[in-house]
Amino acid sequence: MELTGAEITIRCLQEEDAEYVFGYPGGAVLHIYDALFTQDQVKHILVRHEQAAIHAADGYARSTDKVGVALVTSGPGVTNAVTGIATAYMDSIPMVIISGQVPTYAIGEDAFQEVDTVGITRPCVKHNFLVKDVKEIASTIKKAFYLAKSGRPGPVLVDIPKDISCQKTEFSYPASVSIRSYNPAQHSDLEQIKSAVQLLLAAKRPMIYAGGGVILADASKQLTELVHLLGFPCTNTLMGLGGYPATDKQFVGMLGMHGTYEANMGMQYCDVLLAVGARFDDRVVGNVKHFNQEKRKIIHIDIDPSSISKRVKVDLPIVGDVAHVLNDLLAELHGSQKKPDQQAIAPWWAQIKEWRGKNSLVYKKSDEIIKPQFVIEKLYEVTQGDAFITSDVGQHQMWAAQYYKFDKPRRWINSGGLGTMGFGLPAAMGVQLAHPDAHVACVTGEGSIQMCIQELSTCKQFQLPLKIIMLNNRYLGMVRQWQQFFHGNRYAESYMDALPDFVKLAEAYGHVGMRIEKPSDVEPALKEAFGRKQQLVFMDFITDQTENVFPMVQGGKGLSEVILAEDL
Amino acid sequence: MRHIISLLMENEAGALSRVSGLFSARGYNIESLTVAPTENATLSRMTIVTSGSDEVIEQIYKQLNKLIEVVAVMDLSEGGHLERELMLVKVRAEGAVREEMKRMTDIFRGCIIDVSDKTYTIELTGACQKLESFLQAIDRSLILETVRTGASGIGRGDRILKL
């Protein structure tokens, strides 16, 4: 039987076991929506803005090991989606975006709602396709899912012109796919594994630095086993949190611009560094020249060869899937004559203990004003460390990363690479749909939340009982912090004036709103909110306006040049 | 340092823009870029002349390889290779200059492929340096227009870039 291109598109999503598609209809995708309407296997989540569709698919993908799926129309549908696509691209999130396009005969004529989708999205997708023949829809979507999930994951866009989606052809979904120009590495060279083990076992001041690649590869178990076996300290990047259990005694906290003192000092002064699924980005190692002043051997495991020696020259690259490589390393270690020597690294641990003694995450408690860090600590306690936490971007994001101790992977969902304000709420929707019975909280600020606040309506429609933890300091806090440090306290446009009454706003959308102004009310309010299992609760925490995020490695500085709260 | 990078890619619409987009997005230099289909109609071969530090060239190589439609990449300058470029030069050729211009063309093993009473059009093939030398050897004020293809490169002997 012949199917239309639109019906084929939906059949493909069914074949890929897509549970949800996040989207927004429009002219160029009407045939596809029509095909969605006549089936109920793939459920559609109607967002209120296309950016949110992509973030929601993103949150869904990050909290599971599945590919997120989004559907948007041509022109403004696509341009609205670009922020979301770039967010997913920077964090290597597997996603397939289907976009409508004007009919093939109108392409290039500046048709209504026409935009060069393939051109606009090219720099922020892993790959994209314009389908010009209905017979190619199935094979293209098959390729899109394969590309999105394999190798270094990423978003893949399939642009389908309207006339193609209504033409008919026979449907058959390819059982397998191979692309001659695309062969991502899997296993690594055994010689390099051997060399890596030798280097690790000879280390006197070792450090393991693990990033988002561990989470994407579902390699937390292997990483934890390796760290325990070696007895080395381990740090996570912002993207890697939860990849190694934060409550473990070998964990030294997050590193980087707002990382702990011990993690950053350990990174700077180690003699052997094992980097696992991390990319030495500017927010992590700061000034590369300063980082390179200390001599150390670096072993770098990454699926993407272009991540290796991009910013920091490495001595021993191991290209491959992180889980496979860690399995190989574990096997080699188990079989090795030489065993890890805890005596040899004891002085190093003593040094780390001394650094830890700085207690770099300490902050001034208050009985009168709510400290933002305190809210996160209480959030951790009330949810017993077992919630899914999404965040937006800014100070609240850093506090959530610092004070919520993630013991499991895929629990910390944030826009690390692109730093997209507006990410938190729609991402939380995707997470909640993937985990209907779990506690899902979005830690946000009064700046970020307003960038996608319209999604409160989506949450109502689909009964998503999120908990919104808004740290309201009436400032774009991170901007204000930088202005305080680097721009002589000139707070240009960083004050949030004319804020809405968020409690009433939440109520207007049909949710529960709470305003919390006293430290003693924080815990009871959180308990009450999480007790409301069926309702979205929007919590407006009025926090200390001038609190800053510490420790801080300022832009252009080295990791050991960190500023602590006590220094000021 | 100057490098000549050769690559094979799927002969598909938009593939060229992925390569040129990569160079502009990441701030890499392009001195010249040439592309045409190969004997296998599904593949295009591109020669890119670029320059940069060893680290930058390494990144260019890796980033090109990362493009989904790129089948194979080779840095020709890492080994023995040949480089050729075609140039067409239209010069004013009148009076005594006419004879001089013919002589210079012969010396550089070029040929005059179009003649009018006031102009010659000279075709010249060679490595980039040779074309530069020719332009320096003739009277600049006589040049009416030049058009160059950019370099094409190929490895010597057993250095073969194929699927």
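1. Angles between axes here run from 0 to 180 degrees between N-to-C directions. The model is predicted. With that convention, helix α2 of chain B (residues 54-66) runs at about 160° to β4(B). Helix α2(B) lies across β1, β3 and β4 of chain B.

2. The sheet in chain B is open and has four strands, in the order β2-β3-β1-β4, with antiparallel pairing. β2 (32-37) and β4 of chain B are the edge strands; each has a single partner strand, so one side of each is left without a neighbour in the sheet. On average, neighbouring strands of this sheet are turned by 15° against each other, direction ignored.

3. Strand β1(B) covers residues 2-10, and seven of its nine residues are buried, so the strand is largely enclosed by the rest of the structure.

4. On one side, β1(B) is antiparallel to β3(B) (residues 43-51), and nine bridges join the two strands.

5. One of the residues involved is B:Leu8, whose bridge partner in β4(B) is B:Ala72.

6. Between the chains, 13 residues of chain A are in contact with 15 residues of chain B. The chain A side of this contact consists of six nonpolar, four polar and three charged residues.

Note on methods:
Residues numbered from 1 in each chain as written. Chains lettered and ligands numbered in written order. Predicted model: local features only at pLDDT ≥ 70, side-chain atom pairs only at ≥ 80, totals over all residues. Contact = placed C-beta atoms within 7 Å. Nonpolar A, V, L, I, M, F, W, Y, C, P; charged D, E, K, R; others polar. Buried ≥ 20, exposed ≤ 12 C-beta atoms within 10 Å, placed from the backbone. Pairing = 2+ DSSP bridges.
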